[in-house]
Protein chains: 2
Amino acid sequence: MARHPAARGLADDAAVLDIGETRLVLTHDMLVEGIHFLSEDPAEDVAWKLLSVNLSDLAAKGAKPVGVLMGYGLTGNAEWDNGFLKGLKVALSHYDVPLLGGDTVKQPASDARALGLTAIGSCALESPPARSGAQAGDHLYVTGPIGNGWAGLQLLLEGKNVPAPLIASYRRPQALVETGQKLAPHVHAMMDISDGLLIDAQRMAGASGLSLSIALDSVPLSEDFKRAFGDSEAAHINAATGGDDYQLLFAAPANLDLPVPAVAVGKFAAGKGLSVTFGGGTIALPEKLGYAH
Amino acid sequence: MARHPAARGLADDAAVLDIGETRLVLTHDMLVEGIHFLSEDPAEDVAWKLLSVNLSDLAAKGAKPVGVLMGYGLTGNAEWDNGFLKGLKVALSHYDVPLLGGDTVKQPASDARALGLTAIGSCALESPPARSGAQAGDHLYVTGPIGNGWAGLQLLLEGKNVPAPLIASYRRPQALVETGQKLAPHVHAMMDISDGLLIDAQRMAGASGLSLSIALDSVPLSEDFKRAFGDSEAAHINAATGGDDYQLLFAAPANLDLPVPAVAVGKFAAGKGLSVTFGGGTIALPEKLGYAH
(Lines give C-alpha, C1' and ligand atoms only; values in the text may rest on other atoms or scores of the structure.)
Protein backbone atom coordinates (compact mmCIF):
# COMPACT_ATOMS: atom_id res chain seq x y z
CA MET A 1 0.00 0.00 0.00
CA ALA A 2 2.84 2.37 0.83
CA ARG A 3 4.09 2.83 -2.72
CA HIS A 4 5.03 6.48 -2.42
CA PRO A 5 8.83 6.81 -2.76
CA ALA A 6 8.89 8.75 0.53
CA ALA A 7 7.74 5.61 2.34
CA ARG A 8 10.92 3.77 1.26
CA GLY A 9 8.73 0.67 0.92
CA LEU A 10 8.16 0.79 4.71
CA ALA A 11 11.51 -1.02 4.90
CA ASP A 12 13.40 1.81 6.58
CA ASP A 13 13.38 3.41 10.02
CA ALA A 14 11.70 6.54 8.75
CA ALA A 15 10.01 8.14 5.76
CA VAL A 16 11.84 10.82 3.80
CA LEU A 17 9.50 13.36 2.21
CA ASP A 18 10.38 16.45 0.21
CA ILE A 19 8.01 19.40 0.45
CA GLY A 20 9.31 22.29 -1.60
CA GLU A 21 12.91 22.83 -0.58
CA THR A 22 12.47 21.04 2.74
CA ARG A 23 13.48 17.43 3.28
CA LEU A 24 11.39 15.95 6.10
CA VAL A 25 12.18 12.74 7.96
CA LEU A 26 9.14 11.21 9.68
CA THR A 27 8.63 8.27 11.99
CA HIS A 28 5.88 6.89 14.24
CA ASP A 29 6.52 4.20 16.87
CA MET A 30 4.14 2.88 19.50
CA LEU A 31 4.77 1.36 22.93
CA VAL A 32 2.28 -1.06 24.47
CA GLU A 33 2.37 -1.91 28.19
CA GLY A 34 3.48 -5.47 28.88
CA ILE A 35 4.99 -5.74 25.40
CA HIS A 36 7.37 -2.80 24.96
CA PHE A 37 7.61 -1.85 28.61
CA LEU A 38 6.89 -3.49 31.96
CA SER A 39 3.84 -2.45 33.98
CA GLU A 40 6.19 -1.78 36.86
CA ASP A 41 8.53 0.44 34.83
CA PRO A 42 8.34 4.00 36.22
CA ALA A 43 6.00 6.16 34.13
CA GLU A 44 8.73 8.80 33.84
CA ASP A 45 10.97 6.26 32.13
CA VAL A 46 8.23 5.09 29.75
CA ALA A 47 7.85 8.69 28.55
CA TRP A 48 11.60 8.92 28.07
CA LYS A 49 11.63 5.68 26.12
CA LEU A 50 8.68 6.65 23.90
CA LEU A 51 10.49 9.80 22.84
CA SER A 52 13.92 8.17 22.57
CA VAL A 53 12.92 5.23 20.37
CA ASN A 54 11.37 7.65 17.88
CA LEU A 55 14.25 10.11 17.92
CA SER A 56 16.58 7.14 17.44
CA ASP A 57 14.88 6.51 14.09
CA LEU A 58 15.51 10.13 13.09
CA ALA A 59 19.12 9.82 14.30
CA ALA A 60 19.63 6.85 11.98
CA LYS A 61 18.76 9.10 9.02
CA GLY A 62 20.98 11.95 10.24
CA ALA A 63 17.93 14.15 10.81
CA LYS A 64 17.54 16.99 13.29
CA PRO A 65 14.32 16.63 15.33
CA VAL A 66 11.97 19.60 14.88
CA GLY A 67 8.90 18.45 16.78
CA VAL A 68 6.76 15.58 18.00
CA LEU A 69 3.06 14.74 18.28
CA MET A 70 1.82 12.24 20.84
CA GLY A 71 -1.15 9.88 21.13
CA TYR A 72 -1.80 8.98 24.74
CA GLY A 73 -4.22 6.42 26.17
CA LEU A 74 -5.68 7.26 29.58
CA THR A 75 -6.54 4.21 31.67
CA GLY A 76 -7.63 6.16 34.74
CA ASN A 77 -4.45 6.15 36.84
CA ALA A 78 -3.76 9.83 37.49
CA GLU A 79 -0.54 9.15 39.40
CA TRP A 80 0.89 7.24 36.46
CA ASP A 81 -0.26 9.92 34.02
CA ASN A 82 1.38 12.65 36.12
CA GLY A 83 4.61 10.69 36.27
CA PHE A 84 4.49 10.24 32.52
CA LEU A 85 3.98 13.96 31.91
CA LYS A 86 6.85 14.77 34.26
CA GLY A 87 9.11 12.33 32.42
CA LEU A 88 8.02 13.63 29.04
CA LYS A 89 8.88 17.17 30.03
CA VAL A 90 12.37 16.08 31.11
CA ALA A 91 12.89 14.10 27.92
CA LEU A 92 11.66 16.89 25.60
CA SER A 93 13.97 19.31 27.35
CA HIS A 94 16.91 16.87 27.17
CA TYR A 95 16.55 16.50 23.41
CA ASP A 96 15.45 20.14 22.97
CA VAL A 97 12.45 19.18 20.85
CA PRO A 98 8.95 20.72 21.17
CA LEU A 99 5.69 18.86 21.72
CA LEU A 100 3.50 20.23 18.92
CA GLY A 101 0.23 18.47 19.59
CA GLY A 102 -1.49 15.14 19.65
CA ASP A 103 -4.45 13.44 21.21
CA THR A 104 -5.44 12.04 24.59
CA VAL A 105 -8.04 9.28 24.57
CA LYS A 106 -9.71 7.05 27.11
CA GLN A 107 -8.90 3.35 27.11
CA PRO A 108 -10.77 0.82 29.26
CA ALA A 109 -9.13 0.84 32.72
CA SER A 110 -8.03 -2.80 32.51
CA ASP A 111 -6.41 -2.43 29.08
CA ALA A 112 -2.70 -2.29 28.42
CA ARG A 113 -1.67 1.32 27.88
CA ALA A 114 -1.11 2.15 24.19
CA LEU A 115 1.13 5.11 23.48
CA GLY A 116 2.19 6.50 20.12
CA LEU A 117 4.55 9.21 19.08
CA THR A 118 5.32 10.82 15.74
CA ALA A 119 8.69 12.50 15.40
CA ILE A 120 9.36 14.99 12.63
CA GLY A 121 12.88 15.87 11.61
CA SER A 122 14.60 17.80 8.90
CA CYS A 123 17.68 16.77 6.98
CA ALA A 124 19.77 18.84 4.60
CA LEU A 125 21.45 15.82 2.97
CA GLU A 126 20.74 15.11 -0.68
CA SER A 127 20.03 11.52 0.26
CA PRO A 128 19.68 10.58 3.94
CA PRO A 129 21.25 7.15 4.51
CA ALA A 130 18.88 4.25 3.93
CA ARG A 131 19.21 0.65 5.05
CA SER A 132 19.77 -0.34 1.47
CA GLY A 133 22.97 1.54 0.63
CA ALA A 134 25.71 -0.81 1.87
CA GLN A 135 28.36 -1.68 -0.74
CA ALA A 136 30.44 -4.80 -1.18
CA GLY A 137 33.66 -4.36 0.80
CA ASP A 138 32.07 -2.00 3.35
CA HIS A 139 32.61 -2.73 6.99
CA LEU A 140 29.67 -2.90 9.37
CA TYR A 141 30.07 -0.71 12.45
CA VAL A 142 28.30 -0.17 15.76
CA THR A 143 28.59 3.06 17.75
CA GLY A 144 28.90 1.45 21.19
CA PRO A 145 28.37 -1.56 23.42
CA ILE A 146 25.61 -3.99 22.51
CA GLY A 147 23.32 -5.92 24.83
CA ASN A 148 23.00 -3.49 27.75
CA GLY A 149 19.24 -3.03 27.23
CA TRP A 150 18.72 -6.78 27.05
CA ALA A 151 20.88 -7.29 30.13
CA GLY A 152 18.93 -4.70 32.13
CA LEU A 153 15.58 -6.25 31.21
CA GLN A 154 16.84 -9.77 31.89
CA LEU A 155 18.09 -8.94 35.38
CA LEU A 156 14.87 -7.04 36.15
CA LEU A 157 12.77 -10.03 35.06
CA GLU A 158 14.92 -12.35 37.18
CA GLY A 159 14.36 -10.05 40.18
CA LYS A 160 18.10 -9.53 40.54
CA ASN A 161 20.05 -6.51 41.65
CA VAL A 162 20.59 -4.56 38.42
CA PRO A 163 23.58 -2.24 37.97
CA ALA A 164 22.26 1.29 37.33
CA PRO A 165 23.82 1.62 33.84
CA LEU A 166 22.05 -1.55 32.68
CA ILE A 167 18.68 -0.39 34.06
CA ALA A 168 19.24 2.95 32.34
CA SER A 169 20.04 1.24 29.04
CA TYR A 170 16.73 -0.62 29.18
CA ARG A 171 14.51 2.11 30.61
CA ARG A 172 16.16 5.30 29.46
CA PRO A 173 17.94 4.59 26.18
CA GLN A 174 19.72 7.50 24.54
CA ALA A 175 18.81 8.45 21.00
CA LEU A 176 22.14 9.21 19.32
CA VAL A 177 20.87 12.30 17.55
CA GLU A 178 24.17 14.16 17.21
CA THR A 179 26.14 11.02 16.40
CA GLY A 180 23.67 10.28 13.60
CA GLN A 181 23.99 13.77 12.17
CA LYS A 182 27.79 13.51 12.20
CA LEU A 183 27.82 10.09 10.57
CA ALA A 184 25.08 10.53 7.97
CA PRO A 185 27.09 12.42 5.33
CA HIS A 186 29.82 9.77 5.37
CA VAL A 187 28.14 6.38 5.58
CA HIS A 188 26.61 4.22 2.85
CA ALA A 189 23.77 2.82 4.98
CA MET A 190 22.53 3.38 8.52
CA MET A 191 19.79 2.23 10.90
CA ASP A 192 19.32 1.99 14.63
CA ILE A 193 19.48 -1.32 16.47
CA SER A 194 16.10 -1.80 18.08
CA ASP A 195 15.24 -5.46 17.47
CA GLY A 196 18.71 -7.00 17.87
CA LEU A 197 22.07 -6.55 16.18
CA LEU A 198 21.89 -9.76 14.15
CA ILE A 199 18.35 -9.31 12.84
CA ASP A 200 18.87 -5.63 12.09
CA ALA A 201 22.20 -6.29 10.38
CA GLN A 202 20.55 -9.05 8.34
CA ARG A 203 17.89 -6.53 7.27
CA MET A 204 20.57 -4.07 6.14
CA ALA A 205 22.38 -6.77 4.15
CA GLY A 206 19.10 -7.95 2.62
CA ALA A 207 17.99 -4.43 1.69
CA SER A 208 21.42 -3.80 0.15
CA GLY A 209 21.42 -7.09 -1.80
CA LEU A 210 24.65 -8.26 -0.17
CA SER A 211 26.00 -10.97 2.06
CA LEU A 212 27.31 -10.10 5.48
CA SER A 213 29.75 -11.79 7.82
CA ILE A 214 29.75 -10.73 11.46
CA ALA A 215 32.64 -11.48 13.83
CA LEU A 216 30.60 -11.93 16.97
CA ASP A 217 33.63 -11.75 19.26
CA SER A 218 34.33 -8.22 17.99
CA VAL A 219 30.90 -7.00 19.14
CA PRO A 220 31.66 -4.70 22.09
CA LEU A 221 30.18 -5.61 25.49
CA SER A 222 30.15 -3.23 28.45
CA GLU A 223 32.00 -4.03 31.68
CA ASP A 224 28.62 -4.22 33.48
CA PHE A 225 27.34 -6.68 30.91
CA LYS A 226 30.43 -8.85 31.24
CA ARG A 227 30.28 -8.83 35.03
CA ALA A 228 26.71 -10.16 34.89
CA PHE A 229 26.83 -12.45 31.85
CA GLY A 230 30.51 -13.00 31.00
CA ASP A 231 31.89 -12.75 27.47
CA SER A 232 31.45 -16.28 26.17
CA GLU A 233 30.00 -17.09 22.77
CA ALA A 234 26.57 -17.55 24.45
CA ALA A 235 26.84 -14.15 26.13
CA HIS A 236 27.71 -12.53 22.81
CA ILE A 237 24.74 -14.23 21.16
CA ASN A 238 22.41 -12.92 23.86
CA ALA A 239 23.82 -9.42 23.43
CA ALA A 240 23.55 -9.54 19.65
CA THR A 241 19.97 -10.82 19.57
CA GLY A 242 18.42 -9.12 22.59
CA GLY A 243 17.42 -5.80 21.05
CA ASP A 244 16.58 -2.49 22.75
CA ASP A 245 20.09 -1.23 22.02
CA TYR A 246 19.52 2.03 20.13
CA GLN A 247 23.11 2.11 19.05
CA LEU A 248 23.55 3.07 15.41
CA LEU A 249 24.52 0.39 12.92
CA PHE A 250 26.17 1.58 9.73
CA ALA A 251 28.05 0.53 6.64
CA ALA A 252 31.11 2.47 5.53
CA PRO A 253 34.35 1.87 3.65
CA ALA A 254 37.03 0.25 5.81
CA ASN A 255 39.52 3.07 5.28
CA LEU A 256 37.10 5.89 6.13
CA ASP A 257 38.20 8.33 8.83
CA LEU A 258 35.10 8.14 11.04
CA PRO A 259 33.84 11.35 12.72
CA VAL A 260 32.78 9.44 15.87
CA PRO A 261 34.11 6.39 17.74
CA ALA A 262 32.72 3.14 16.36
CA VAL A 263 33.66 -0.53 16.29
CA ALA A 264 33.81 -2.67 13.13
CA VAL A 265 31.89 -5.91 13.66
CA GLY A 266 31.39 -7.26 10.16
CA LYS A 267 31.98 -7.04 6.45
CA PHE A 268 29.69 -6.92 3.41
CA ALA A 269 30.41 -8.86 0.23
CA ALA A 270 28.63 -9.79 -2.98
CA GLY A 271 26.06 -12.56 -2.59
CA LYS A 272 23.44 -12.99 0.06
CA GLY A 273 22.91 -14.38 3.55
CA LEU A 274 24.32 -13.77 7.00
CA SER A 275 27.20 -15.70 8.50
CA VAL A 276 28.57 -15.35 12.00
CA THR A 277 32.02 -16.23 13.31
CA PHE A 278 33.39 -16.51 16.82
CA GLY A 279 37.08 -16.96 17.58
CA GLY A 280 37.80 -17.27 13.88
CA GLY A 281 35.39 -20.13 13.17
CA THR A 282 31.93 -19.97 11.66
CA ILE A 283 29.17 -20.79 14.15
CA ALA A 284 25.57 -21.87 13.62
CA LEU A 285 23.15 -18.97 13.31
CA PRO A 286 21.05 -18.61 16.45
CA GLU A 287 17.46 -19.72 15.86
CA LYS A 288 16.25 -16.27 16.89
CA LEU A 289 18.22 -13.36 15.43
CA GLY A 290 16.19 -10.78 17.36
CA TYR A 291 12.70 -9.50 17.82
CA ALA A 292 10.63 -10.06 14.65
CA HIS A 293 7.44 -8.01 14.37
CA MET B 1 4.32 21.82 28.24
CA ALA B 2 3.54 22.63 24.63
CA ARG B 3 4.89 26.18 24.69
CA HIS B 4 6.31 26.20 21.19
CA PRO B 5 4.34 28.70 19.07
CA ALA B 6 3.75 25.96 16.48
CA ALA B 7 1.66 24.07 19.04
CA ARG B 8 -0.83 26.96 19.20
CA GLY B 9 -1.17 26.19 22.92
CA LEU B 10 -2.67 22.80 21.97
CA ALA B 11 -5.92 24.79 21.61
CA ASP B 12 -6.28 24.33 17.88
CA ASP B 13 -7.09 21.44 15.57
CA ALA B 14 -3.55 21.21 14.32
CA ALA B 15 -0.01 22.47 14.81
CA VAL B 16 1.47 24.90 12.31
CA LEU B 17 5.22 24.59 11.96
CA ASP B 18 7.54 26.48 9.63
CA ILE B 19 10.63 24.65 8.41
CA GLY B 20 12.61 26.84 6.07
CA GLU B 21 10.17 28.10 3.44
CA THR B 22 7.68 25.33 4.10
CA ARG B 23 4.63 25.79 6.33
CA LEU B 24 3.60 22.41 7.73
CA VAL B 25 0.25 21.63 9.34
CA LEU B 26 0.32 18.57 11.61
CA THR B 27 -2.28 16.65 13.54
CA HIS B 28 -2.57 13.33 15.38
CA ASP B 29 -5.92 11.83 16.40
CA MET B 30 -6.60 8.40 17.89
CA LEU B 31 -9.65 6.16 17.75
CA VAL B 32 -10.36 3.63 20.50
CA GLU B 33 -12.83 0.77 20.02
CA GLY B 34 -15.98 1.17 22.08
CA ILE B 35 -15.28 4.88 22.58
CA HIS B 36 -14.78 6.39 19.13
CA PHE B 37 -16.26 3.54 17.15
CA LEU B 38 -18.50 0.56 17.80
CA SER B 39 -17.04 -2.95 17.94
CA GLU B 40 -19.61 -3.92 15.30
CA ASP B 41 -18.67 -1.08 12.93
CA PRO B 42 -17.15 -2.58 9.78
CA ALA B 43 -13.34 -2.47 9.89
CA GLU B 44 -13.32 -0.83 6.44
CA ASP B 45 -15.33 2.07 7.84
CA VAL B 46 -13.10 2.44 10.90
CA ALA B 47 -10.11 2.89 8.59
CA TRP B 48 -12.06 5.48 6.61
CA LYS B 49 -12.98 7.32 9.79
CA LEU B 50 -9.44 7.27 11.20
CA LEU B 51 -8.14 8.95 8.06
CA SER B 52 -11.09 11.33 7.68
CA VAL B 53 -11.07 12.73 11.22
CA ASN B 54 -7.40 13.60 10.85
CA LEU B 55 -7.74 15.09 7.36
CA SER B 56 -10.70 17.10 8.68
CA ASP B 57 -8.29 18.83 11.08
CA LEU B 58 -6.03 19.70 8.16
CA ALA B 59 -9.06 20.91 6.17
CA ALA B 60 -9.93 23.31 8.99
CA LYS B 61 -6.53 24.98 8.54
CA GLY B 62 -6.82 25.08 4.74
CA ALA B 63 -3.94 22.65 4.39
CA LYS B 64 -3.30 20.22 1.57
CA PRO B 65 -2.57 16.70 2.88
CA VAL B 66 0.87 15.43 1.87
CA GLY B 67 1.11 12.17 3.80
CA VAL B 68 0.10 10.14 6.83
CA LEU B 69 1.73 7.79 9.33
CA MET B 70 -0.30 5.21 11.18
CA GLY B 71 -0.01 3.41 14.53
CA TYR B 72 -2.01 0.19 14.49
CA GLY B 73 -2.77 -2.17 17.36
CA LEU B 74 -3.12 -5.85 16.42
CA THR B 75 -5.49 -7.79 18.66
CA GLY B 76 -5.25 -11.05 16.75
CA ASN B 77 -8.30 -10.85 14.47
CA ALA B 78 -6.88 -11.26 10.98
CA GLU B 79 -10.26 -10.83 9.27
CA TRP B 80 -10.77 -7.46 10.94
CA ASP B 81 -7.20 -6.41 10.13
CA ASN B 82 -7.67 -7.34 6.48
CA GLY B 83 -10.92 -5.37 6.33
CA PHE B 84 -9.17 -2.40 7.89
CA LEU B 85 -6.34 -2.53 5.35
CA LYS B 86 -8.83 -2.76 2.51
CA GLY B 87 -10.74 0.24 3.84
CA LEU B 88 -7.55 2.19 4.40
CA LYS B 89 -6.49 1.63 0.82
CA VAL B 90 -9.84 2.92 -0.44
CA ALA B 91 -9.69 5.96 1.83
CA LEU B 92 -6.09 6.85 0.94
CA SER B 93 -6.98 6.63 -2.71
CA HIS B 94 -10.16 8.72 -2.23
CA TYR B 95 -8.19 11.54 -0.61
CA ASP B 96 -5.15 10.95 -2.82
CA VAL B 97 -2.76 10.96 0.13
CA PRO B 98 0.15 8.51 0.61
CA LEU B 99 0.78 6.28 3.63
CA LEU B 100 4.39 7.12 4.49
CA GLY B 101 5.01 4.79 7.39
CA GLY B 102 4.08 3.97 10.95
CA ASP B 103 4.09 1.11 13.37
CA THR B 104 2.14 -2.09 13.96
CA VAL B 105 2.10 -3.38 17.52
CA LYS B 106 0.50 -6.23 19.40
CA GLN B 107 -2.20 -5.46 21.95
CA PRO B 108 -3.65 -8.11 24.29
CA ALA B 109 -6.45 -9.91 22.38
CA SER B 110 -9.17 -8.78 24.79
CA ASP B 111 -8.17 -5.10 24.69
CA ALA B 112 -10.06 -2.37 22.85
CA ARG B 113 -8.26 -1.62 19.60
CA ALA B 114 -6.21 1.58 19.77
CA LEU B 115 -5.47 3.25 16.45
CA GLY B 116 -3.57 6.45 15.82
CA LEU B 117 -2.87 8.48 12.74
CA THR B 118 -0.67 11.48 12.07
CA ALA B 119 -1.58 13.62 9.08
CA ILE B 120 0.92 16.03 7.57
CA GLY B 121 -0.22 18.88 5.37
CA SER B 122 1.28 21.92 3.74
CA CYS B 123 -0.26 25.35 3.57
CA ALA B 124 0.92 28.33 1.55
CA LEU B 125 -1.05 30.89 3.58
CA GLU B 126 0.86 33.45 5.61
CA SER B 127 -1.33 32.55 8.59
CA PRO B 128 -3.59 29.49 8.42
CA PRO B 129 -6.89 30.24 10.18
CA ALA B 130 -6.83 29.53 13.91
CA ARG B 131 -9.76 29.11 16.27
CA SER B 132 -8.84 32.39 17.86
CA GLY B 133 -9.27 34.81 14.95
CA ALA B 134 -13.00 35.63 15.05
CA GLN B 135 -13.79 39.37 15.17
CA ALA B 136 -16.71 41.22 16.74
CA GLY B 137 -19.44 41.50 14.11
CA ASP B 138 -18.39 38.31 12.28
CA HIS B 139 -21.03 35.78 11.48
CA LEU B 140 -20.55 32.14 12.43
CA TYR B 141 -21.09 29.73 9.52
CA VAL B 142 -21.40 25.99 9.00
CA THR B 143 -20.68 24.31 5.67
CA GLY B 144 -23.62 21.87 5.75
CA PRO B 145 -26.22 19.99 7.75
CA ILE B 146 -25.47 19.29 11.40
CA GLY B 147 -26.42 16.22 13.43
CA ASN B 148 -26.28 13.51 10.78
CA GLY B 149 -23.44 11.66 12.50
CA TRP B 150 -25.24 11.78 15.85
CA ALA B 151 -28.47 10.64 14.19
CA GLY B 152 -26.76 7.68 12.52
CA LEU B 153 -25.12 6.55 15.76
CA GLN B 154 -28.34 7.03 17.74
CA LEU B 155 -30.41 4.90 15.36
CA LEU B 156 -27.70 2.23 15.28
CA LEU B 157 -27.61 2.09 19.09
CA GLU B 158 -31.40 1.85 19.20
CA GLY B 159 -31.27 -1.06 16.73
CA LYS B 160 -33.45 0.81 14.25
CA ASN B 161 -33.43 0.85 10.51
CA VAL B 162 -30.94 3.59 9.64
CA PRO B 163 -31.15 5.55 6.38
CA ALA B 164 -27.93 5.00 4.42
CA PRO B 165 -26.90 8.68 4.41
CA LEU B 166 -27.07 8.82 8.22
CA ILE B 167 -25.02 5.63 8.60
CA ALA B 168 -22.51 7.08 6.17
CA SER B 169 -22.31 10.33 8.13
CA TYR B 170 -21.44 8.39 11.27
CA ARG B 171 -19.19 5.71 9.82
CA ARG B 172 -17.72 7.36 6.75
CA PRO B 173 -17.55 11.11 7.39
CA GLN B 174 -16.09 13.24 4.63
CA ALA B 175 -13.13 15.46 5.42
CA LEU B 176 -13.86 18.72 3.59
CA VAL B 177 -10.34 19.14 2.30
CA GLU B 178 -11.10 21.21 -0.79
CA THR B 179 -13.75 23.28 0.95
CA GLY B 180 -11.24 24.13 3.67
CA GLN B 181 -8.61 25.18 1.14
CA LYS B 182 -11.13 27.44 -0.62
CA LEU B 183 -12.33 29.05 2.60
CA ALA B 184 -9.03 29.45 4.44
CA PRO B 185 -7.78 32.61 2.66
CA HIS B 186 -11.07 34.43 3.38
CA VAL B 187 -12.14 33.52 6.92
CA HIS B 188 -11.06 34.98 10.26
CA ALA B 189 -11.27 31.70 12.21
CA MET B 190 -11.98 28.08 11.32
CA MET B 191 -12.20 24.64 12.94
CA ASP B 192 -13.98 21.39 12.25
CA ILE B 193 -17.00 20.27 14.26
CA SER B 194 -16.03 17.02 15.90
CA ASP B 195 -17.35 17.29 19.46
CA GLY B 196 -20.62 19.15 18.80
CA LEU B 197 -21.55 22.46 17.19
CA LEU B 198 -22.27 24.24 20.49
CA ILE B 199 -19.15 23.15 22.34
CA ASP B 200 -16.90 23.77 19.35
CA ALA B 201 -18.47 27.18 18.67
CA GLN B 202 -18.02 28.05 22.34
CA ARG B 203 -14.35 27.13 22.04
CA MET B 204 -13.95 29.42 19.02
CA ALA B 205 -15.64 32.31 20.85
CA GLY B 206 -13.55 31.70 23.96
CA ALA B 207 -10.28 31.50 22.00
CA SER B 208 -11.23 34.72 20.19
CA GLY B 209 -12.17 36.54 23.41
CA LEU B 210 -15.71 37.24 22.18
CA SER B 211 -19.30 36.47 23.00
CA LEU B 212 -21.35 34.43 20.58
CA SER B 213 -25.07 34.13 19.97
CA ILE B 214 -26.31 31.12 18.01
CA ALA B 215 -29.77 31.02 16.40
CA LEU B 216 -30.40 27.31 16.86
CA ASP B 217 -33.35 27.26 14.44
CA SER B 218 -31.05 28.42 11.65
CA VAL B 219 -28.79 25.37 12.11
CA PRO B 220 -29.42 23.28 8.98
CA LEU B 221 -30.80 19.74 9.43
CA SER B 222 -30.91 17.16 6.65
CA GLU B 223 -34.19 15.73 5.36
CA ASP B 224 -33.15 12.30 6.69
CA PHE B 225 -32.48 13.78 10.12
CA LYS B 226 -35.85 15.54 10.16
CA ARG B 227 -37.71 12.41 9.09
CA ALA B 228 -36.22 10.50 12.03
CA PHE B 229 -36.08 13.20 14.72
CA GLY B 230 -38.24 16.12 13.53
CA ASP B 231 -37.09 19.71 13.68
CA SER B 232 -38.24 20.80 17.12
CA GLU B 233 -36.06 22.72 19.55
CA ALA B 234 -35.11 19.40 21.19
CA ALA B 235 -34.14 17.94 17.82
CA HIS B 236 -31.98 20.97 17.07
CA ILE B 237 -30.31 20.67 20.46
CA ASN B 238 -29.48 17.03 19.80
CA ALA B 239 -28.08 17.93 16.39
CA ALA B 240 -26.02 20.80 17.78
CA THR B 241 -24.52 18.85 20.68
CA GLY B 242 -24.13 15.37 19.20
CA GLY B 243 -20.74 15.74 17.52
CA ASP B 244 -19.14 13.61 14.79
CA ASP B 245 -20.17 16.18 12.19
CA TYR B 246 -16.90 17.09 10.45
CA GLN B 247 -18.54 20.08 8.85
CA LEU B 248 -16.35 23.18 8.96
CA LEU B 249 -17.24 25.96 11.36
CA PHE B 250 -15.92 29.41 10.52
CA ALA B 251 -16.11 33.10 11.33
CA ALA B 252 -16.26 35.64 8.52
CA PRO B 253 -17.65 39.14 7.88
CA ALA B 254 -21.38 39.13 7.16
CA ASN B 255 -20.97 40.80 3.76
CA LEU B 256 -18.25 38.43 2.51
CA ASP B 257 -18.87 36.74 -0.82
CA LEU B 258 -18.21 33.14 0.27
CA PRO B 259 -16.39 30.79 -2.16
CA VAL B 260 -18.50 27.80 -1.06
CA PRO B 261 -22.10 27.31 0.13
CA ALA B 262 -22.48 27.87 3.88
CA VAL B 263 -25.19 28.77 6.36
CA ALA B 264 -24.92 31.56 8.95
CA VAL B 265 -25.93 30.26 12.38
CA GLY B 266 -24.63 32.89 14.78
CA LYS B 267 -22.92 36.18 15.41
CA PHE B 268 -19.86 37.25 17.40
CA ALA B 269 -19.80 40.37 19.57
CA ALA B 270 -17.62 41.97 22.22
CA GLY B 271 -17.89 40.37 25.65
CA LYS B 272 -17.87 36.71 26.54
CA GLY B 273 -20.17 33.72 26.86
CA LEU B 274 -22.45 31.72 24.61
CA SER B 275 -26.17 32.39 24.22
CA VAL B 276 -28.61 30.36 22.16
CA THR B 277 -31.94 31.44 20.69
CA PHE B 278 -34.74 29.44 19.13
CA GLY B 279 -37.71 31.06 17.37
CA GLY B 280 -36.43 34.50 18.35
CA GLY B 281 -36.25 33.88 22.12
CA THR B 282 -33.23 33.02 24.25
CA ILE B 283 -33.31 29.45 25.56
CA ALA B 284 -31.46 27.84 28.46
CA LEU B 285 -28.07 26.40 27.47
CA PRO B 286 -28.19 22.62 27.31
CA GLU B 287 -26.33 21.03 30.22
CA LYS B 288 -24.08 19.21 27.79
CA LEU B 289 -22.82 21.31 24.87
CA GLY B 290 -21.04 18.38 23.27
CA TYR B 291 -18.36 15.83 23.92
CA ALA B 292 -15.79 17.19 26.38
CA HIS B 293 -12.44 15.35 26.50
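**Strand pairing and the chain A–chain B interface**

In the predicted model, B:G71 stands opposite B:D103 in β4(B). Residues are numbered from 1 along each chain as its sequence is written, and chains are lettered from A in the order in which they are written. Local features need pLDDT of at least 70 and side-chain atom pairs count only at pLDDT 80 or more, whereas totals for chains, interfaces and linings use all residues.

β3(B) and β4(B) run parallel and are joined by seven bridges; strands are taken to pair if DSSP finds at least two bridges between them. Together with α2(B), these strands make a right-handed β-α-β unit, the path from the first strand over the helix to the second running clockwise with the strands pointing away from the viewer. Helices (H or I, at least four residues) and strands (E, at least two) are DSSP runs numbered from the N terminus.

At the interface, 47 residues of chain B are in contact with 46 residues of chain A (C-beta atoms, placed from the backbone, within 7 Å). On chain B, β1 (15-19), β2 (22-32), β3 (64-74), α2 (78-95), β4 (99-106) and β5 (114-122) each supply at least two residues of the side that touches chain A. The largest share, eight residues, comes from β4(B).

Chain B is superposed on chain A by a rotation of 180° with 0.0 Å of shift along its axis (RMSD 0.0 Å), by least squares on the C-alpha atoms of residues with pLDDT of at least 70 in both copies. The two copies are thus related as by a two-fold rotation axis. In chain B, the C-alpha nearest this axis belongs to B:D111, at 2.7 Å. Because 98% of the interface residues of chain B are also interface residues in chain A, the copies meet through the same surface.

Notes
Two residues are in contact if their C-beta atoms, placed from the backbone, lie within 7 Å.
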